[in-house]
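Here's a quick briefing for anyone meeting this structure for the first time. Have a look at the model, then read on.

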Amino acid sequence: MFVDDGNMALLALLLIAAITAAVKFLALPPFFGSILLLIGCLAILVQSVRRAARHQ
């Protein structure tokens, strides 16, 4: 999955790094971090699906 869409992989890694930093260094509660991670991953997936549908 990530081999076909490098942009999706990069965005997922950046999202995970940003949320991890926010939880560790900005004292964001882990529960809110998990919610942001879920929403971010879903947004990345929707963007990837839309881009793939546009190319077909």
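What share of the 56 residues of the protein counts as buried? The figure is 20%, where buried means under 20% relative accessible area, exposed over 50% and partly exposed in between (1.4 Å probe, protein chains only).

This is a predicted model, so to speak of local features takes pLDDT of at least 70 and side-chain atom pairs count only at pLDDT 80 or more, while totals for chains, interfaces and linings use all residues. Residues are numbered from 1 along each chain as its sequence is written, and side-chain values use heavy atoms, with hydrogens and water left out.

**Overall build**
- The protein has two helices and zero strands, both read as DSSP runs (helices H or I, at least four residues; strands E, at least two) numbered from the N terminus.
- Its C-alpha trace spans about 45 × 15 × 15 Å along the principal axes.

**Surface**

**The phenylalanine pair**
- There's one aromatic pair in the structure.
- F31 and F32 make this edge-to-face pair, at 5.7 Å centre to centre and 65° between the planes (ring centres within 6.5 Å; planes under 30 degrees apart are stacked, over 60 edge-to-face, the rest tilted).
- F31 is exposed at 56% relative accessible area, whereas F32 is partly exposed at 46%.

**Isoleucine in a helix**
- I35 sits in helix α2 (residues 30-54) and is partly exposed, at 35%.

How values were computed: Rings of Phe, Tyr and Trp (its six-membered ring) pair if their centres lie within 6.5 Å; planes under 30 degrees apart count as stacked, over 60 as edge-to-face and the rest as tilted.
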